[in-house]
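Subject: Structure handover

Hello,

Here is the structure for your files. My notes on it follow below.

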Amino acid sequence: MLRQLVLILVATVAVAGCTTTTTGGGPAADPKEAVRTRVAAGLQYLQMGDPSEARRHFSRALSIDDDSAAAHNAMALLYNYERDAEKEEYHYRKALSADGDYAPALNNYGTLLYTQRRYEEALRKFERAANDPNYEGRASAFSNMGQSYAALDRPGDAKDAFIRALRLNGRSTHATLQLAKLYHEEGRHQMGWDYYKQYERRIGRQSAEGLWTGIQLAAALGLQDQQSSYELALQNLYPGTREHKLWQEWRSAQEGRQ
């Protein structure tokens, strides 16, 4: 469940050359543009799996402007990559100290808090990010809100958040699968099946969670062929996973009732 939260790793600015301003001593780099360029370049290196080069760019950005929310958010993402939660949180806090409304840091910080099971704190961060109309990652923030509500046992609020996520990004497989699960859990199996089939059409290879959800929904609706197909896929693709173990326990219980 934790792994499915959406962490925004992509720069929202393009890599470009620094613009210049004219001073008495000649042209000089615009500090804000220099920071943006360094952050964007560093994020590209991070996505390519080169944390050393990413750190060089992020450090340079912070040396230009240590009060840059974007640069601190980027450095936090580097520490997320390196699995250093303490330093990751430090830089999210620095980002939000510089700009308390910086939505990318709010969303990413919320993801860290969620993985630490600090669900209420995470939810507050996601809400603020999702309610920023200028934030390009609003769909992910709403999806993360839904995950937090589900963890807090608030399924109604979770459904509302996932539906909002789908309105903003109609191809979100994560939100679609979570809605399938939520409707199944409340006994509205046909509605859950409809969402599940949307998920199945959009995804390439299903996750263990997706197949386990499909098994449960197919069984609830008496769709034996589909159920058998999903069970075979779960056994072959994801042996030993949590979902595989849950299916084995469920299967044993079903056979015990016969």
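Some ground rules before the rest. This is a predicted model, in which local features need pLDDT of at least 70 and side-chain atom pairs count only at pLDDT 80 or more, while totals for chains, interfaces and linings use all residues. Residues are numbered from 1 along each chain as its sequence is written, and side-chain values use heavy atoms, with hydrogens and water left out.

Tyr196 and Tyr199 sit three residues apart in helix H10, about one turn of the helix. Helices are DSSP runs of H or I with at least four residues, strands are runs of E with at least two, and both are numbered from the N terminus. Aromatic pairs are rings of Phe, Tyr and Trp (its six-membered ring) with centres within 6.5 Å; planes under 30 degrees apart count as stacked, over 60 as edge-to-face and the rest as tilted. By this rule the count comes to seven aromatic pairs. Tyr196 and Tyr199 form a tilted one, with 5.8 Å centre to centre and 40° between the planes. Together with Trp193 and Tyr230, these two tyrosines form one aromatic cluster.

Leaving out residues up to four places away in sequence, Tyr196 touches Leu177, Ala180, Gln206, Gly210, Leu211, Thr213, Gly214, Leu217 and Tyr230 (contact means heavy atoms within 4.5 Å). Tyr196 is also among the residues with the most contacts inside the largest nonpolar core, along with Val39, Phe58, Met145 and Leu234. That core has 62 residues, and its largest share, eight residues, comes from helix H3 (residues 69-81). A nonpolar core here is a set of buried Ala, Val, Leu, Ile, Met, Phe, Trp, Tyr and Cys residues joined through side-chain atoms within 4.5 Å.

Helix H9

Eleven of the 13 residues are buried, so H9 is largely enclosed by the rest of the structure. Among the buried residues are His174, Gln178, Lys181 and His184. The buried residues of H9 pack against helix H7 (138-151), helix H8 (155-168), helix H10 (189-202) and helix H11 (208-220). Just after H9, Gly187 takes a positive phi of about 90°.

Pro155 is found in H8 and is partly exposed, at 39% relative accessible area. Its C-alpha atom is separated by 9.2 Å from that of Glu185, 30 residues apart along the chain.

Helix H13

H13 (residues 242-257) has 16 residues and reaches 23 Å from its first C-alpha to its last, close to the 22 Å expected. Its buried residues are Glu243, His244 and Trp247. They cover an arc of only 95° around the axis, which puts them on the same side of H13 (the arc is that of the directions from the helix axis to the C-beta atoms). On the other side, Arg242, Glu249 and Gly256 are exposed. The buried residues of H13 pack against H11 and helix H12 (224-237).

Salt bridges

A salt bridge is a side-chain nitrogen of Lys or Arg within 4 Å of a carboxyl oxygen of Asp or Glu, and by this rule the count comes to 14. Including some of them:

- Glu53 and Arg56 meet at 2.5 Å, N to O. They are three residues apart in helix H2 (residues 51-64), about one helical turn. Arg56 is partly exposed, at 45% relative accessibility.
- Lys159 pairs with Glu186, with the closest N and O atoms 2.9 Å apart. This pair links distant parts of the chain, Lys159 being in H8 and Glu186 in the loop between H9 and H10, 27 residues apart. Lys159 is buried at 12%, whereas Glu186 is partly exposed at 39%.
- Glu231 and Arg251 meet at 2.9 Å, N to O. Glu231 lies in H12 and Arg251 in H13, so the pair ties together parts that are 20 residues apart in sequence. Glu231 is buried at 6%, and Arg251 is partly exposed at 31%.
- Glu89, Arg93, Arg118 and Glu121 are linked in a network of salt bridges.

Regards

Note on methods:
Buried means under 20% relative accessible area, exposed over 50%, partly exposed in between (1.4 Å probe, protein chains only). The expected span of a helix is 1.5 Å times one less than its number of residues.
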